[in-house]
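This report describes the pockets of one protein model. Please look at the structure before reading on.

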Amino acid sequence: MNTLKEREITDLIKGALAEDVPYEDFASQAIFHGQTGQVDLIAKQDGILCGLPIFQAVFKYLEADSVIEIFIEEGQALKKGQVVASVTAKATTLLTGERVALNFLQRLSGIATATNRFVTALAGTGIKLMDTRKTTPGLRNLEKYAVKVGGGYNHRHGLSDLIMLKDNHIQAAGGIKPAVEAVRALDPFIHKIEVETENLDMVKEAVAAGADIIMLDNMDHDQMAAAIAYIDGRAIIEGSGNMTVDNVANFADLDLDYISSGSITHSAGILDMSMKNFRILDQN
C-alpha cells in the first residue's frame, strides 16, 4: 500500500483489534482447539476492490503463517457473487480477524467504487476528480489511497500541504488581497496558494492577488463559465460544491482543471462483502 508505511498499517490493525477483541474471543476459543480452517471472501455487490493489503495484514498479524490466496487483484472490478480470495489459518484466527479485516476492506472498496463512478461520469472531459479533507479521523491515508485506486486524485492531505484561503480567512483578513499578502509574508515561495471564491467579483480579486489556484465554489454553470473566461489560464481552476455523479455532466463542457468532491469519502458507504463457506481442514 503506497501511502502507508508498514508500521502505520500495523498500528491501525492493533487499534482495531484492541477495540473489537479487548480480552479474548471467547466463542471461538471455546469451540476450536487448534484446528486449521479455510474461508472464502465473496463480493455481494458490483464495485471496485480496494484494501487487500490491509485485509491480508490483519490475518498475518494474528498468525504469521496465515495463507491468503488472491483471485482478483487490487483495483479490479468485482461482480456480485465472485470469490475474491480464500484465507487459510487456524479457525480461531479466521473468526477473530474476520470483522476487522472486512471493515477495512468494505470501507476502502466503497470509496474506490464511489470514486470510480464519478471518474466514469467525467470520462473524455479532461477534468480530474479530487478528494477533500472530509475523511474519517485516523483513516485519512487509507481513504485517500482508496480514492487513487478508484481513479481519482488526492487534494492536500492536511493543512500543512497547501495554503487554502477560505471564507473565514478572507473575512478576517478584510478581503482576498490582504489575505494573500499575509500568507505570502509568512510563506513566500514554498507552498501554492488556493483561494475559495463564490462569485465573479471574488474571482477578479483572486486573479489580481496572484492566486495559484482558484476554487469556484457553489457556482452554477453560467457563473463558472464567466469565471473561467475571466481567469483565462492565469490560475489552475477547481470546481467544487454540490458536485455529484448525477449532475457533474452539466459541467463537462467547462474548461475546469479539477472537480473536488467530499462525497466520495464522507458519503461513500461500503461495498458489501462477506466471508463464507467456512470449513475445517483438519481435526488437530
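The model is predicted, so local features need pLDDT of at least 70 and side-chain atom pairs count only at pLDDT 80 or more, while totals for chains, interfaces and linings use all residues. Residues are numbered from 1 along each chain as its sequence is written, and side-chain values use heavy atoms, without hydrogens and water.

A pocket is an open set of points on a 1 Å grid over the protein atoms alone, where a 1.4 Å probe fits, with protein on both sides within 12 Å along at least five of seven lines; lining residues have an atom within 4 Å of a point. Grid points are joined across faces, edges and corners, and a volume is the space filled by probe spheres set on them.

| Pocket | Volume |
|---|---|
| Largest pocket | about 450 Å³ |
| Second largest pocket | about 260 Å³ |

In the second largest pocket, 14 residues form the lining, with Ala16, Val100, Asn103, Phe104 and Leu139 nearest the centre. Helix H4 gives the largest share, six residues (helices are DSSP runs of H or I, at least four residues, and strands are runs of E, at least two, numbered from the N terminus).

The largest pocket has 23 lining residues, and Thr132, Lys134, Ser240, Ser260 and Gly262 lie nearest its centre. Strand E9 (213-217), strand E10 (236-240) and helix H10 (263-266) each provide at least two lining residues.
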